[in-house]
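Here is a friendly walk through a two-chain model, for reading alongside the coordinates.

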Amino acid sequence: MVAGSPDNENKRNRNRDIDAGSESRSPVGRRRFLQAAGAGATVALAGCSGGGGDDVVRLGATYILSGFASLYGEAAERGIEMAQAEINDNGGIDGRDVEVIVRDTEASADTAIQQMRSLVEEDNVHGLFGLDSSGVAQAVAPQAAQLEMPFMITHAATPFVTSPEGEHEDSVGNDYVFRDSNNLTQDIYGAARTAAELDATEWATIGPDYAFGYETWDYFQDFCAGLGVDAEFTAEQFPPLETGDYTPYISSILDAEPDAVLTPLWGADLTTFIGQAEDAGWFDQIDHTLFSVGMGTDLASDGNPLPEGEYASTRYDPFAPDTEANNAFRDAYYEEYDALPTYNAEGAYRAVYLYKEAIESSGSTETSALVDEFTGMEHSGPVGDYRFSETNQATVSSIWGTVTYDDEWESNVLDPVNVYDAGPDVLSEALGDSDLPAGI
Amino acid sequence: MSLPSLVPLIGVADVVIGLSLGSRLFLIAVGLSLIFGVLGVLNFAHGGFYMLGAYVTLAVVTGLIDNFWIAAVAGALAVGVVGATIEFAAIRPLYDRVDADLDQLIVTFGFVLVIHEAVRFIWGSGSYSIDPPDVFNFSVSLGGSTFSAYRLVVIGLAIAVLAGLWLFITRTYFGSLVRGTSSDREMASMLGVDVPRLYTGVFFLGSVLAGLGGALSAPLQSTSPALGDQVIIDAFIVVVIGGLGSMSGAFVGAMLIGMMQSLGPQFISAGSIAIPFLAMVIVLLFRPEGLFGGIGE
């Protein structure tokens, strides 16, 4: 650069003039100062009135509210809205209203951690819940312990957050992290049970290129071995999240000609995949496709993307168990939102009730009291009766069924549906010699 | 992971899919290359233009007129107008700066964010998809594999665009101005070429091509705000491999990358998206100017 050129000199002088001008005009400076001070005071006041007061029970929730999987967060918000309205209309929690602050994780671990820190440190929440992604959950679990704040996971399924630290190199389970929904181990145990019933020996997978995709496939193979399912694993594809065009991956699986495929694709990725798979003749060539995040995506999406006759799992079924609690929840949800509740809606709904029960039973919103209450707690909700295992995992069932369109509900449902008991003993036995933790 | 014998793995569908992936990459890369070749501007916002083309097409098809072809043309032209406006308002004032290259890069990167957020604001962060136009909405089965007939249309259109551009640049008066200006801007200006207007014209053309790429791809992929970011990286790889500023280079580069994207998953189960990067590294090491070079090549 030509430092001494007249043009540059002039430019520098002009800049200096402008700077000097703003410094010399003190009234502007004073006004600015007052504005800044006013803003600061407003924030401080908001802080006082917004957090720390004892008049409400304040909970913080983190879900994916934007991007390819925003439908999960939206479903969770509905569940929260319902629980909040029901509780507050019926005397609240020990007479106090419950308030839930929902934040967007953008499916990113960094954002999720920022949000949970902000909820704890700025909004002074009494407890946390949420999470839609295993990758995010893996990063968030240690943070919950560091912040000493109970975290009820309601969707993210990685077994390693309910596997005590040290059990496996990836285990990050700790005293503060609980999960009220079923985990990947429970879910994939059901997939292997389903596989055992099918006339298929060659199996393939297409899953997202991160922990969840690989864990699903690893557990499926180990469960098949443990349960003595006659299966060979012949092809695998792990396209990155938010792949816009799955056709090369679809083509690769089709070329391997497996009898059946297990896919844990989820969110908009799953609907994109299904559309492109249909175009490629997937459902004519492959006898059985098992969608492990199937119903969570199907019920929350426009139309009914899951093809009838294929198999899907759900972590909560609107029709099973056929109990008063489940039927009432389903009907109320359907009336409000004109759709059947997804498992994410139910998991979030139940989390608010879990906090209610823990706070009322201990008479406190202190972390230690809540953690004590959740540990080993027996609870009942739309999903049925369950308890929290030694590793803080809910002993809910594994639910798989055949995708069937139901005219009455104008929706896909699982019919027939199989509910497999998936408690700690069942899973440990089914995993056989596997090195993988049961996460329960 | 096993490596079964290679030949039976590559079916007709894999080749067609690869060429169609290459075709849409060509449409975005050729505009990127053209703009760089003539204006010297490395347009980061080109991926955003591609995404915008897909969104406008989707919006027109679903909301205004149920005709894919009209919607695609509308999408391409709308993006052209957006591109020309950006060039006129935000890039043109920078040409004479000392650090013009860097300033332009920063400005176009700024527009990546602006377009991304604008799309999120208007259409939300979810993803959309549409069917191919009815005439081509059927599957073709060939050699035991199945693919959408629409892919053949996209390949055909990309070849037509390449031919049209080549004729335009080499056989028309405007094309000769473009070539002249790209090789010596000051001389062209002294000879009476209205360089600023020519620049805006070229930017318009490059943007239209990106918009057309996005429009034609809408039925082949899901359209979400992430689309622009994904495709711009591939487009840069294409122009590095083909040679910045070269049309035939963009075509060959795009087809190579398309085939790598299609055939990669046949051989490895994950990480096949890294193959084009490796190809780029090899080209940069052994033929840094790219496989082809220069406008009109």
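## Starting at one valine

Leaving aside neighbours within four places in sequence, B:V238 is in contact with B:L25, B:A29, B:A250, B:G253, B:A254 and B:I257. Contact here means that the C-beta atoms of two residues, placed from the backbone, lie within 7 Å.

A word on the ground rules: this is a predicted model, in which local features need pLDDT of at least 70 and side-chain atom pairs count only at pLDDT 80 or more, while totals for chains, interfaces and linings use all residues. Residues are numbered from 1 along each chain as its sequence is written, and chains are lettered from A and ligands numbered from 1 in the order in which they are written.

## The core around it

B:V238 is also among the residues with the most contacts inside the largest nonpolar core, along with A:V140, A:F151, B:L27, B:A29 and B:V202; this core has 210 residues. Helix α1 (residues 12–39) of chain B gives the most to the core, with 16 residues. Domain 1 (56–182 + 323–387) and domain 2 (185–319 + 398–431) of chain A both contribute residues as well, so the core lies between them.

Some terms: a nonpolar core is a set of buried Ala, Val, Leu, Ile, Met, Phe, Trp, Tyr and Cys residues joined through C-beta atoms within 7 Å. A residue is buried if 20 or more other C-beta atoms lie within 10 Å of its own, exposed if 12 or fewer, and partly exposed in between, with C-beta atoms placed from the backbone. Helices (H or I, at least four residues) and strands (E, at least two) are DSSP runs, numbered from the N terminus.

## Chain B and its contact with chain A

The contact takes 31 residues from chain B and 25 residues from chain A. On the chain B side, α1, β2 (145–148), α9 (227–242) and α10 (247–267) each supply at least two residues. Of these, α10(B) gives the most, with five residues.

The unreviewed UniProt entry places the feature "transmembrane region" at residues 68–90, 102–123, 149–169, 198–220, 232–255 and 267–286 of chain B. UniProt positions are given in the numbering used here, feature names are shortened, and annotations may be inferred rather than shown by experiment. Residues 149–169 of chain B are 100% helix and 0% strand, with end C-alpha atoms 31 Å apart. For residues 198–220 of chain B, the figures are 87% helix, 0% strand and 34 Å.

## Two domains in chain A

In chain A, the assignment gives domain 1 (56–182 + 323–387) and domain 2 (185–319 + 398–431); such bounds come from an automatic or database domain assignment. Their centres, taken over C-alpha atoms, are separated by 26 Å. Across the boundary, 24 residues of domain 1 are in contact with 25 residues of domain 2. On the domain 1 side, α3 (70–89), α5 and α13 (343–362) of chain A give two or more residues each, and α13(A) has the largest share, four residues.

The unreviewed UniProt entry also places "domain: Leucine-binding protein" at residues 57–397 of chain A. That span is 44% helix and 16% strand, and its end C-alpha atoms lie 30 Å apart.

## The five-stranded sheet

Five strands of chain A form an open, parallel sheet in the order β2-β1-β3-β4-β5. Strands pair if DSSP finds at least two bridges between them. The edges are β2 (97–104) and β5 (177–179) of chain A, each pairing on one side only, and the twist averages 25° from one strand to the next. Four bridges join β1 (residues 56–63) to β3 (residues 127–130) of chain A, with A:G60 opposite A:L128.

Helix α4 (residues 109–121) of chain A packs on this sheet, touching β1, β2 and β3 of chain A, at about 175° to β1(A). Helix α5 (residues 134–147) of chain A lies across β3, β4 (151–153) and β5 of chain A, at about 160° to β4(A). Axes are lines fitted to C-alpha atoms, for helices over the stretch in contact, and angles run from 0 to 180 degrees between N-to-C directions.

## The seven-stranded sheet

A mixed, open sheet of seven strands in chain A has the order β7-β6-β8-β9-β10-β13-β14. Its edge strands, β7 (232–237) and β14 of chain A, have a single partner strand each, so one side of each is left without a neighbour in the sheet.

Strand β10 (residues 311–314) of chain A is joined to β13 (residues 398–406) of chain A by four antiparallel bridges; here A:A312 partners A:G401. β13(A) and β14 (residues 411–420) of chain A pair in the antiparallel sense over eight bridges. These two form a hairpin with four residues between them, and A:E410 in the turn has a positive phi of about 50°.
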